[in-house]
Amino acid sequence: MTRAQETLLGVSGLRKAFGGLVAVRDISFEIRRGTIAGLIGPNGSGKTTVLNLITAEFPADAGSVRFRGEELLGRRSFEICRARIARTFQLVRVLPGMTALENVMLGRMFGAEPARPAPAEHEAEALIARVGLAGRAHMYGAQLTYIDQKRVELARALATRPQLLLLDEWLAGLNPTELQVGIELIRQIRKDGVTIVMIEHVMEAIRALCDTCVVMNAGEKIAEGTPDAVLSNPQVMQAYLGTDTGAEDAAA
Ligand code: ADP
Ligand code: MG
């Protein structure tokens with residue numbers, strides 16, 4: 001098997017219940033190295049919970065998450081980061097009392113290849129520019145717009161030097177021009193050798209970027225395949241149309 005075909009992430013039988021609500025029910029999928037995979041489905045279908053289980057926000061009830069062949073479940077979040085998995089958050093988590101630059105420096109200083117402040121600052125400056133924050137590096141997290149906070153999160157995630165990047169609706173809220181820039185940025189990150197799993201509702205981005213999609217509904221995987229195949233799948237369309245979200249996108 002060539003390196004490009006290698007399974008980087010293997011999720012198997014993953015389950016998580018919150019009280020009586022089963023948010024993730026027996027989810028299995030594999031992500032090949034060098035690909036971009038979409039994790040899609042209506043709101044509340046369990047997508048963010050899958051990312052939270054992979055990154056050890058809370059423990060899984062059952063299942064397995066193997067990364068480069070090694071089991072991740074049972075490890076702590078900082079160990080997942082050191083193993084070279086980084087993420088952004090649907091509800092952004094920028095440190096409000098630190099500048100954009102300092103937020104990104106932290107990723108480098110405490111990530112998979114910890115660096116001292118001086119080289120970390122140098123690299124953080126480059127990442128700040130790369131995500132479109134040039135000129136705002138010294139603004140505090142709390143002063144930044146929501147979109148700029150998301151840019152900080154992406155730069156901070158990249159600063160940790162990930163092999164796998166997990167994006168949770170990172171493109172949501174961008175205007176049409178920003179969306180094209182964002183799509184190109186994600187494409188470049190993949191070209192740099194980073195494998196990407198992206199939760200996304202923007203169908204244009206999914207079609208433009210994803211090699212494969214895993215579709216969830218009510219905690220279960222209901223389809224998997226190329227964007228064209230899954231988005232024309234009647235069961236998938238029904239899942240979107242059965243809710244208030246995504247219906248227009250799914251029908252488009
Ligand atoms: P998605 O990201 O697909 O919109 P989520 O994974 O956020 O869905 O949520 C799936 C379900 O699990 C929802 O019903 C949500 O309310 C519930 N849920 C998610 N996280 C928690 C939590 N920490 N505690 C309790 N319920 C949660
Ligand atoms: Mg979510």
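## A sheet, its helices and a magnesium site

Six strands make up an open sheet of mixed pairing, in the order β6-β7-β8-β3-β9-β10. Its edge strands, β6 (85-87) and β10 (220-225), each pair on one side only, and the twist from one strand to the next averages 15°. This is a predicted model, where local features need pLDDT of at least 70 and side-chain atom pairs count only at pLDDT 80 or more, while totals for chains, interfaces and linings use all residues. Residues are numbered from 1 along each chain as its sequence is written, chains are lettered from A and ligands numbered from 1 in the order in which they are written, and side-chain values use heavy atoms, leaving out hydrogens and water.

Helices (H or I, at least four residues) and strands (E, at least two) are DSSP runs numbered from the N terminus, and two strands pair if DSSP finds at least two bridges between them. Contact means heavy atoms within 4.5 Å. Axes are lines fitted to C-alpha atoms, for helices over the stretch in contact, with angles from 0 to 180 degrees between N-to-C directions.

Within the sheet, β3 (residues 36-40) and β8 (residues 195-199) run parallel and share four bridges; Ala37 has Val197 of β8 as its bridge partner. Helix α5 packs on the sheet, touching β6 and β7 (164-168), and its direction makes about 165° with that of β7. Helix α6 (residues 176-191) also packs on the sheet, where it touches β3, β7 and β8 and makes about 150° with the direction of β8.

Let's look at one residue of α5 (residues 146-159), Arg151. Beyond its neighbours within four places in sequence, Arg151 contacts Val131, Gly132, Leu133, Arg136, Trp170 and Glu178.

The table shows how accessible some side chains are; buried means under 20% relative accessible area, exposed over 50%, and partly exposed in between (1.4 Å probe, protein chains only).

| Residue | Relative accessible area | Class |
|---|---|---|
| Arg151 | 14% | buried |
| Phe18 | 37% | partly exposed |
| Phe58 | 24% | partly exposed |
| Thr48 | 24% | partly exposed |
| Gln90 | 28% | partly exposed |

The magnesium ion (ligand 2) is coordinated by Thr48 (OG1) and Gln90 (OE1), at 2.1 Å. Donors are N, O and S atoms within 2.8 Å of the metal (3.2 Å for Na, K and Ca); water is not among the atoms, so sites may look incomplete. Thr48 lies in helix α1 and Gln90 in the loop between β6 and α3 (100-109), 42 residues apart.
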